[in-house]
Amino acid sequence: MIDFELPAELEALRQRVDEFIKDKVVPFEHDPRQKPHIHESLRKELVALGREAGLLSPHAPKEYGGLGLDHRGIAVVFEAATWSPLGHLALNIQAPDEGNVNLLMRVASPEHKARLLPPLVAGELRTVFSMTETVTDGAGSDPTLLQTVAQQDADGYLISGQKYMISGVEGAGINIVMARTIDVHGHDLGASMFLVDMDAPGFKLDRELETIDSNTPGGHWEVSFDNVRVKPEDVLGEVGRGFAQAQVRLAPARLTHCMRWLGIARRCHAIATEHAAKRHSFGKTLGEHQGVGFMLADNEIDLHMCRLAIWHCAWLLDQHQQARNETSMAKVFCSEALGRVVDRCMQILGAIGITSDTVIERCYRDIRCFRIYDGPSEVHRHALARRILSKRA
Ligand SMILES: Cc1cc2nc3c(=O)[nH]c(=O)nc-3n(C[C@H](O)[C@H](O)[C@H](O)COP(=O)(O)OP(=O)(O)OC[C@H]3O[C@@H](n4cnc5c(N)ncnc54)[C@H](O)[C@@H]3O)c2cc1C
């Protein structure tokens, strides 16, 4: 049975995070170092505050310097942290680094773990996950279209290809690259993941993409690999098992996106509620008009249902279940429901809503992307439909 009562220790941690975010992080919300994306100097300043407060990397194991929370603990802390759209940076829980910690924990060799996890968990190293190749009609929703190739030779592999919409590139230290692996005899061994240094010869940052969102340190990039040399020991996990191993990252990573957006939507709802209680039109407060009151009510319903979905999945993951279907459904539901919440908040604020006077405007832009990354809603529905129909027989 799922227990919804927070242990006293977790409740105390939630309160500490809540106070930390409101006292130390919210004051940075108008810091100019946020366009077109979060500047590395701002991220580092926030990480230093998180470190000082003893709150860095709640998702990471204690042995590597994190707080070692389980998935339900992570759900509570991530929601509290993202009261500010800068909270994910202060606690070092931003994508893709947070998901990459999980991936490394599960598939990396002891040497890779010892080298990469301590600086990653300390917020000193940022990492990238390079899969999508939309620009070359390669991997996107359908990863089997992967075109980037890792050609094996006597010294290891040579990677060539192009990747698109790769987050966090500028300022990152390590790139986890998915590539089709061809052995010395020309046999296709399937996809593998490789650890590539960002300063490896042949790796190029071709173009920074201008995007609707602005909350990713390092921005989003189109990048290319021209015979980038990687050694045999740079394979992350096993050769040919890249897709299967990336799957272990996916379910928890989808869920942590839901947790972060829940926190942000909760903040937008609080701002809209305050506004609706104070601003007048036609002889009453906005909130007293049924049209606005119902929007607030619908927000509460969406926030509550998202929290329940997240908690259920977190509980399943804590029971060591894969929860692929459940996290997939939660991802679709939360990305759409929380997007609706932020949209309603913008409407309730009227003209103020579309300005940067509140965080709603940036959250509105940022949350739109959530319906696309980690699988567009339609692709999750497509997979779900296939499962439903296959169960029929
Ligand atoms: C903000 C952001 C950050 C990202 N960061 C990274 C990153 O760091 N690393 C990385 O590798 N990738 C990243 N991505 C890429 C992301 O993973 C892809 O955008 C996603 O997998 C979809 O692929 P695509 O964009 O090529 O869309 P496509 O596969 O071209 O699909 C386009 C649209 O077609 C529809 N569609 C596709 N297939 C189906 C189907 N079977 N049924 C019904 N409709 C369908 C959907 O509506 C979909 O939105 C990021 C994306 C965004 C938006």
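A crossing of two helices is called left-handed if the near helix is turned anticlockwise from the far one by less than a right angle, and right-handed if clockwise. The model looked at here is a predicted one, so local features need pLDDT of at least 70, side-chain atom pairs count only at pLDDT 80 or more, and totals for chains, interfaces and linings use all residues. Residues are numbered from 1 along each chain as its sequence is written. Helices (H or I, at least four residues) and strands (E, at least two) are DSSP runs, numbered from the N terminus.

Helix packing comes first. Two packed helices are described by the angle between their axes and the distance between the axes. Here, axes are lines fitted to C-alpha atoms, for helices over the stretch in contact, and angles run from 0 to 180 degrees between N-to-C directions. Helix H7 (residues 242-278) packs on helix H9 (residues 324-349) at about 20 degrees, and their axes are 9 Å apart. That angle makes H7 roughly parallel to H9; angles under 35 degrees count as roughly parallel, over 145 as roughly antiparallel, 65 to 115 as roughly perpendicular and the rest as oblique. H7 and H9 cross in the left-handed sense. Their contact is made up of 18 nonpolar, 5 polar and 3 charged residues, where Ala, Val, Leu, Ile, Met, Phe, Trp, Tyr, Cys and Pro count as nonpolar, Asp, Glu, Lys and Arg as charged, and the others, Gly among them, as polar.

H7 also packs against helix H8 (residues 290-318), with an angle of about 155 degrees and axes 10 Å apart. H7 is therefore roughly antiparallel to H8, and the crossing is left-handed.

On to the strands, which pair if DSSP finds at least two bridges between them. Strand E4 (residues 174-182) and strand E5 (residues 188-197) run antiparallel and are joined by 9 bridges. E4 and E5 form a hairpin with 5 residues between them, and glycine 186 in the turn has a positive phi of about 90 degrees. E5 also pairs with strand E8 (residues 235-236), antiparallel and over 2 bridges; there, phenylalanine 194 stands opposite valine 235 in E8.

The ligand has 20 residues around it, of which Met131, Gly140, Ser141, Pro376 and Glu378 come nearest; a residue is near a molecule or strand if its C-beta atom, placed from the backbone, lies within 6 Å of it. By type, the shell splits into 10 nonpolar, 8 polar and 2 charged residues. Strand E1 (127-130), strand E3 (156-167) and helix H11 (377-391) each put at least two residues into this shell. Domain 2 (127-240) and domain 3 (243-391) each contribute at least three residues, with domain bounds coming from an automatic or database domain assignment.

Lysine 35 and proline 36 are joined by a cis peptide bond, with omega about 0 degrees, and proline 36 lies in the loop between helix H1 (8-25) and helix H2 (40-52). The peptide bond from alanine 95 to proline 96 is cis too, its omega near 0 degrees; proline 96 belongs to the loop between helix H4 (87-90) and helix H5 (97-107). Serine 57, although not a glycine, has a positive phi of about 50 degrees, and is found in the loop between H2 and helix H3 (71-81).
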